[in-house]
Structures are given as structure tokens and as C-alpha cells.
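Student: I have a new structure to read. Can we walk through it together, feature by feature?
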Amino acid sequence: MNYTLSDIARITGGTLDGRDGHARSVFTDSRSVFGDGDSLFFALPGISHNGHDYITELYERGIRLFVIEQPVDTVRFPEAGFVRVANSLAALQQLAADYRNSFTGTVVAVTGSNGKTITKEWIAQLCPPGTRVFRSPKSYNSQLGVALALLMTPADAELVVIEAGISLPGEMARLERMIRPDVGIITNIGAPHQENFESLMHKLSEKLNLFRDTPRIIFAPDEPLTADTVRRRFADRMLCPAPDLADCPTLSFADRASLENASLAVALCDLLGFDPAQTRQRLALLQPVAMRLELKEGINGSKIVDDSYNSDINSLSLALDYLGSIAGQRRRVLILSDIYQSGLDEDALYNKVAALVARAGVDYLIGVGEQIFRHSSKFSCRREFFLRTETLLNSYNFGDLASCAVLIKGSRVFGFERISHALELKTHTTVLEVDLDAMTANLNTYRAMLRPGTRMMVMVKALGYGMGTYEVASLLQHQGVDYLAVAFADEGITLRRAGITMPIVVLNADADSFDAMVAHRLEPEIYSFSSLEAFAATVRRFGEGNFPVHIKIDSGMHRLGFERADIPHLVEQLRGHSREIKVKSIFSHFAASDETGHDPFTAGQFALFDEMSRAICHAFPDHQIVRHICNTAGIERFPQYHLDMVRLGIGLYGVSSGGGVALRTVGTLKSRIVQIKDIPAGDTVGYNRRGVISHDTRTATIPMGYADGLDRHLGYGNWSVLVGGRPAPIVGSVCMDTCMVDITGIDASEGDEVTIFGTAPGNTITDMATVLGTIPYEIITSISGRVKRIYTKG
């Protein structure tokens with residue numbers, strides 16, 4: 001793209017203030033490595049961040065082009081140009097729609113409930129070599145993402161594939177005005193994002209608004225609701241049912257979803273006139289699509305960001321942004337292969353790659369391939385190059401990457417998954433997949449419940465509720481949360497050493513840890529006179545002053561905290577230690593805010609806390625003291641009690657305490673079948689012969705036992721895992737390291753994936769808690785440390 005600010009003002013109906021200038025790229029995240037002198041920043045107001053707050057920082061970084069919707073003192077930025085508009089997002093969409101007019105190739109839009117990303121990626125894999133294909137980055141399918149994807153598109157791309165998703169009625173019309181597809185592909189209609197639609201038919205109708213003026217539409221004929229609706233609504237269009245690939249010998253994927261995704265991609269290739277025989281031959285080359293970036297624990301204390309199946313210039317920018325967000329104080333290492341099918345000539349491509357690497361602060365580049373080797377001089381950081389992946393694997397000492405943050409980014413033909421395996425720390429077959437995008441969505445769900453200015457503290461104790469302390473803390477720091485809270489000082493020290501710099505409160509602060517807390521700037525919960533005296537003495541000994549503390553009030557939980565009768569003496573003691581400590585906040589804890597039957601008690605707790613905390617605040621009128629009492633359930637059910645700050649716990653991790661809040665599943669526990677057995681009737685399975693087989697049964701053994709966190713009470717058919725999407729009950733007792741499940745009648749093979757708990761109804765962590773008569777907290781915090789955590793993002 002190449003627009004002047006005056007062009008953009010005309011297109012968007014805005015006004016230009018300041019200097020004109022040429023914009024050749026756009027960005028909306030101030031933390032992005034995209035931004036340079038000819039980049040245009042759209043300042044978007046949001047729930048957790050307001051782009052207008054970062055204009056000064058961006059100006060200091062050299063950004064000179066801005067689109068704004070809120071007042072900005074432009075006199076402070078004499079070299080910059082500002083386009084003032086009524087709505088920044090709408091202006092971005094108007095610009096994307098205008099840029100769409102310059103495309104000379106075929107524009108394809110893919111929508112549906114499932115399979116959009118895989119279909120889009122497989123289209124790119126099936127196109128003939130040399131085809132200039134642009135497809136939107138992985139998660140760029142929203143109102144913002146589609147606009148950004150279109151503005152990334154090379155105008156001379158022969159094929160442009162844009163993914164489009166919606167979660168609310170009316171959204172698709174805005175996407176259609178930008179994309180205006182020449183070809184439409186509808187995958188299927190299912191449960192995702194159903195909460196805002198009256199029925200599946202309502203959601204399908206909304207999605208099909210994308211094809212309002214689309215002349216050619218591809219659909220799956222074996223999806224009855226979709227197929228019938230498309231045929232009826234678009235009878236005047238060219239309709240292209242996807243071919244049946246069930247008996248195609250070159251396709252290595254046999255599951256129904258993959259067959260459907262591949263058939264839709266083949267249908268497009270046929271429609272575009274590509275050689276049908278060659279397209280079907282290329283089906284043998286289809287690779288699994290890595291849906292998201294994966295963050296893993298690496299050897300020698302390293303962190304691995306695995307994007308080993310995907311390498312293009314746009315996804316490289318996104319991956320480098322993510323590397324920066326998780327690196328902390330670690331050295332940043334990029335292992336990068338040649339980039340193919342970029343649409344740019346080689347020299348221009350690697351100039352752009354080198355600029356991205358420099359702006360991302362990469363300390364060490366390991367390049368693999370002939371192209372990147374030819375352009376090695378463009379990179380200014382420490383660098384090393386190998387012509388082939390095999391050479392790197394055979395000769396490189398991976399111990400040199402100790403304690404680094406490593407991004408692995410490679411085109412499929414380079415087989416970078418072998419590098420990922422070489423660097424991974426744990427190889428336990430059972431993994432807990434943690435969806436960081438879902439966690440961010442849940443965070444924003446709760447932020448949307450708060451009044452402007454209300455702060456948020458988030459619990460990351462107990463290994464981040466089993467999800468991983470540092471990884472969760474890093475995400476929350478990146479999202480601008482006000483405070484983190486841990487249970488013990490050791491947890492806070494670990495975060496400090498990993499590079500977490502934001503305020504951290506220690507909830508179970510004891511005198512033995514006070515020295516370490518002061519040394520690492522960890523703020524204690526003070527709940528007794530003895531802890532107050534001991535901490536003040538520690539601060540004095542360190543020569544510190546005004547150290548932040550958080551006063552705990554016992555309003556009815558009767559666990560820790562000062563009581564009403566203690567307040568006069570507490571005020572006296574706080575005044576006496578005013579040089580050493582400063583009260584940052586006063587808080588208490590609801591005992592039963594998630595149970596409606598105890599609402600009168602909750603109201604009484606709040607009244608007592610309000611009285612006691614006000615008395616302390618009144619004694620210190622010279623500084624603001626933050627008050628907070630609401631936990632997750634309190635946030636959901638008692639907005640009148642939010643006060644100055646709230647504390648988010650289990651809700652961040654996908655479990656609604658108060659009920660009724662639609663949250664996304666964060667953790668999915670998965671394993672694989674390691675052996676299948678056919679057991680005749682009358683035999684038994686497992687210890688003490690308690691798994692009695694009443695009929696001929698096929699069992700599968702899974703490497704997940706009670707030492708991994710699978711409760712023994714889930715045995716004897718009390719819990720079913722999912723195999724191929726179908727329930728398979730546990731047979732007999734749960735062993736220490738394994739369990740056996742009944743897969744009779746299920747088409748399964750050794751190596752197949754098993755979901756122990758996830759998103760499917762009847763298979764969620766809340767369902768498991770109900771079976772066990774416990775709470776989801778207990779289950780997720782009981783998952784053993786030997787179970788590998790894998791973090792996925794966009």
C-alpha cells in the first residue's frame with residue numbers, strides 16, 4: 001500500500017492536522033515490531049488499552065503518521081501528521097476497502113464455524129509452485145484482523161485468501177464491504193460462538209451475508225443445513241459443491257473434518273483452472289496446520305516458541321512480537337529458514353526480514369537455507385548460517401541456547417519440527433494445552449464488567465492455577481494488569497528472576513521470607529500485629545522506606561486478618577511505622593460470594609469491611625489507599641462492591657464462579673493411546689481385578705495416572721475420555737502412571753489423540769469436578785509438574 005495522509009483523510013472523511021506523509025504499512029499495537037518511519041498507527045480505544053496513550057512513546061520511536069479519534073495535543077509533535085476521524089476502527093476498515101480496489105488477482109473469502117484456517121492454509125499448499133498467494137495470518141479474521149490482513153496484501157498477488165469470522169449478528173456486513181470476494185467458501189456450521197445467535201440457522205444466515213454479491217460459491221454438499229441453504233439462497237450464482245475425496249489414494253488424512261477441508265481447497269483449485277490431476281497429486285504433500293504458536297519449556301532453562309511449520313513475512317512479524325512479549329530478560333534467538341512464495345524479489349524480501357529482526361531486538365540469528373545465507377550481510381546481530389537442517393542438527397551445540405528465548409520459524413520443507421524436538425525439555429506424551437488467546441479473552445470479559453478506572457489484581461498462585469506461573473504472568477504483564485498475587489514469596493522471587501517487573505503481592509507472607517521479599521520488591525499481605533512489626537523491622541534493616549504493604553481485614557472468612565477491635569491499635573502502629581511502610585491497599589475476602597443462599601452474609605461482610613477500611617483510610621488522608629474485596633464471583637455478581645480494585649482468580653482460567661458468564665476454555669488435557677488390546681468376556685483389567693469385563697471389549701491404554709493428577713475416583717466408568725470425539729469410559733482402577741479405557745465400537749489406532757478434559761459438553765473440567773464432588777480449582781492445581789505444558793497463541 002502507498003497512501004498519503006491527505007488521501008486517507010479523503011477516504012475516511014477525516015481531517016488532516018500537521019504534516020502530510022506517505023504511509024506504506026499500518027499497525028494498531030504499539031508494542032509491534034512493524035512500526036517504522038513510513039508506518040501509520042491507528043489509535044484504537046479498547047477495554048484494556050487505549051492507543052492514544054502511546055502516541056508520545058511511538059513518536060519517540062520515530063513514528064510520524066497517526067489516525068486518531070480522541071483529542072491529542074498535536075503541537076507537541078511538530079514533525080507528525082494526524083488524521084482526525086470519528087471512529088478509528090471504522091476508518092481502518094474504510095481504508096482497507098479502498099485498498100481492496102487495487103487488487104488484480106482473485107479474492108477468496110473463507111467463513112464457517114470450523115475448518116476456516118486449515119482450508120485457507122491447504123489452499124496455499126495446493127496451489128501450483130510459483131503462484132503468488134497471499135493468505136491472511138492465522139488469527140486475523142475479526143473486524144480488526146480482516147482490515148489489517150487486507151492492508152498487508154501485495155496488490156499484485158494472484159490469489160488472495162481471507163478468513164472471516166463473526167461472533168455477533170451484523171458483523172459480517174462490515175467484513176463484506178471490505179473483502180468483496182470473487183469466490184466464497186463456506187466450511188460448516190457448528191457450536192462455536194453460538195451464544196449470540198438464536199439458532200444455527202440464524203448464525204448460518206449471518207455468515208452467508210459475506211457472499212451478498214459473490215458470483216461463485218463453494219460449499220460442502222454433505223453438510224445438509226449449509227448445502228440446502230446455499231442452494232436456496234444463491235440459486236442465481238455459480239455454485240460449486242466440493243468433490244468427494246474419500247477414496248483419493250494421495251490424501252493421507254482420513255478423518256471427516258480433514259476430508260472436508262481438503263475437498264473445499266481442491267474445489268477452489270479446480271474452479272481457478274489449475275490442472276486437476278496435479279492438484280490431486282499435491283494432496284499427498286499436505287501437511288498438518290500448526291494452528292497456533294506454541295510456547296514450550298526448553299532444555300537448559302530455555303523457552304521455545306514453536307512455529308516450525310509456517311514461514312512467511314507477515315507471520316514472522318507476529319511471531320517476533322510474541323517472542324518479545326515472553327522473553328523477559330532472556331537473550332532473543334531466532335532460528336529462521338528461507339521464506340518462499342512471498343511475492344517479493346529476494347533482495348527486497350531479506351531487506352525486510354533484516355529490518356524486522358533488528359527492530360525485534362533479536363540477539364542471535366541462526367539461518368537455514370541458501371537464500372538467507374546469500375543475504376547474511378544484511379543482518380547486524382550475531383548470526384550463524386547452515387545450508388540444510390540436517391547440518392544444523394548434526395553440528396550445532398544446542399547447549400549454547402541455555403536460558404534463551406528461542407523462536408523456531410521455518411518453511412515446511414525444512415522440517416524444523418526436528419529442531420523443536422531437539423530443544424524440548426519434557427517428552428511426556430500427556431500434555432496440558434494452555435490457550436493464551438482464550439485467557440486474554442476471559443481477562444477482557446471481566447474487564448468489561450468494571451467501571452472505568454477500577455484496577456485489577458490477578459491471582460497467579462499455585463503454578464498459575466496449574467497453568468504455569470511465568471507464562472501466565474508474562475501474558476498479564478503484557479496486557480497491562482495492575483497487580484499480580486502469589487501465595488508464597490518463592491513464587492514471587494521466581495517471577496522476578498524471570499523478568500516480571502510489575503507489582504507482586506505475596507498473600508501468605510511469613511517473617512522467614514521478609515528479607516527476600518524486600519530484596520525482590522515483593523509487597524506483603526500484613527494480617528497480624530506480629531507480621532507488621534517484623535516486616536517494619538526488616539525494612540529498617542535494609543535501609544528502605546515507604547515500602548508498600550497490603551492490610552488484610554477479617555470480615556467473616558475467619559482465616560487471616562485484623563478484626564474490628566484491632567483497628568484503633570492498628571492505626572496507631574501504622575502511624576508509628578510510617579517511615580518504613582506505606583499502606584498501598586486494604587482488602588478482605590468474601591467467604592461465599594458464589595452462593596446465592598449466602599447473599600445476606602456477603603452483604604454483611606461488605607458492610608463490615610467498608611466500615612473498617614474507611615476508618616483506616618480516614619486516619620491517612622494524605623495518600624490514596626486502594627480498597628478491594630471482590631473475587632471472581634464477586635466481580636460477576638456484585639458490581640456495587642467493586643470499589644477501587646477487584647481480584648480475578650479462577651475466571652481467568654475459564655471457570656465462572658458466579659455462573660452465567662460465557663468464558664473460553666483455557667486448559668485442555670490431552671494424551672495418546674499407547675496400546676490397544678482385545679479383552680474377552682470374563683477377563684479383568686487393572687489392579688485387584690476390579691475391572692471386570694462382562695462382554696468382549698477393546699481397551700486402550702493411556703499414559704495418564706494418579707501421579708499425573710488423574711483422580712482414582714474417576715475409575716470404574718465414573719469418567720469418560722474422548723477418543724475420536726466419542727466417550728470412552730475408564731475401565732477398572734486408575735493406575736499410578738496409566739489408565740485403561742473402553743474403546744469398543746470406536747475407530748481408533750495406537751498413537752491417536754485422547755482428550756481427558758477439554759471443551760466438549762460432558763468432558764469439561766467443571767463436569768469432572770461435579771463427578772468428583774469437588775471444585776475445578778482442585779483438579780487443575782493437582783495436575784503434576786511432569787505433565788508438559790504447551791502454550792498456544794493465535
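Tutor: Gladly. Keep in mind that this is a predicted model. We start with charge pairs. A search of the whole structure finds 36 salt bridges.

Student: Which residue forms a salt bridge with Lys 788?

Tutor: The partner is Glu 424, and the closest N and O atoms are 2.7 Å apart. Next, look at where each residue sits. Lys 788 is in strand β38 (residues 788–793). Glu 424 is in the loop between α15 (417–423) and β20 (431–435). The pair links distant parts of the chain, 364 residues apart.

Student: Are Lys 788 and Glu 424 buried or exposed?

Tutor: Both Lys 788 and Glu 424 are buried.

Student: Which residues are linked with them in a network of salt bridges?

Tutor: The network links Glu 294, Lys 296, Asp 306, Glu 424 and Lys 788. Within it, the side chains of Glu 294 and Lys 296 meet at 3.4 Å, N to O.

Student: How do I read burial for that pair?

Tutor: Under 20% is buried, and over 50% is exposed. Lys 296 has 6%, so it is buried. Glu 294 has 22%, so it is partly exposed.

Student: What does Arg 664 form with Asp 435?

Tutor: A salt bridge, with the closest N and O atoms 3.7 Å apart. Arg 664 lies in the loop between β28 and β29 (667–672), and Asp 435 in strand β20, so the pair ties together parts that are 229 residues apart in sequence. Arg 664 is partly exposed at 35%. Asp 435 counts as buried at 9%.

Student: Now the nonpolar side. How many residues are in the largest nonpolar core?

Tutor: That core has 140 residues. Val 353, Ile 551 and Ile 616 have the most contacts inside it. Helix α11 (residues 313–327) gives the most to this core, with eight residues.

Student: Which residues is Ile 616 in contact with?

Tutor: Leave aside its neighbours within four places in sequence. Then Ile 616 is in contact with Ile 551, Ile 553, Ile 567, Leu 570, Val 571, Leu 574 and Ile 586. A second, separate core has 54 residues, including Val 67, Ala 109, Phe 134 and Phe 211.

Student: How do I find empty space?

Tutor: Rolling a probe the size of a water molecule over the atoms shows where empty space is left. Here, take the second largest pocket, with about 900 Å³ of space. It is lined by 38 residues. The closest to its centre are Lys 461, Tyr 465, His 589, Asn 631 and Tyr 777.

Student: Which elements give two or more residues to the lining of the second largest pocket?

Tutor: They are α17 (461–465), α24 (632–637), β28 (645–648), α25 (765–772) and α26 (776–781). By class, the lining has 19 nonpolar, 13 polar and six charged residues.

Student: Can we end on single residues? Where is Ser 30 found?

Tutor: Ser 30 is in the loop between β4 (25–27) and β5 (39–42). Ser 30 is buried, with a relative accessible area of 7%. Not counting residues up to four places away in sequence, Ser 30 touches Phe 41, Tyr 54, Leu 58 and Arg 61.

Student: And is Arg 541 buried or exposed?

Tutor: Arg 541 counts as exposed, at 54% relative accessibility. Its place is in helix α21 (residues 529–541). The C-alpha atoms of Arg 541 and Asp 515 are separated by 9.2 Å, and the two residues are 26 residues apart along the chain.

Conventions. Residues numbered from 1 in each chain as written. Predicted model: local features only at pLDDT ≥ 70, side-chain atom pairs only at ≥ 80, totals over all residues. Heavy atoms only, no water. Helix = DSSP H or I, 4+ residues; strand = E, 2+ residues; numbered from the N terminus. Buried < 20%, exposed > 50% of the residue type's maximum accessible area, 1.4 Å probe, protein only. Contact = heavy atoms within 4.5 Å. 1 Å grid on protein atoms, 1.4 Å probe; cavity = no way out; pocket = protein on both sides within 12 Å on 5 of 7 lines; lining within 4 Å. Points joined across faces, edges and corners; volume = space filled by probe spheres on them. Nonpolar A, V, L, I, M, F, W, Y, C, P; charged D, E, K, R; others polar. Salt bridge = Lys/Arg side-chain N within 4 Å of Asp/Glu carboxyl O. Core = buried A, V, L, I, M, F, W, Y, C linked by side-chain atoms within 4.5 Å.
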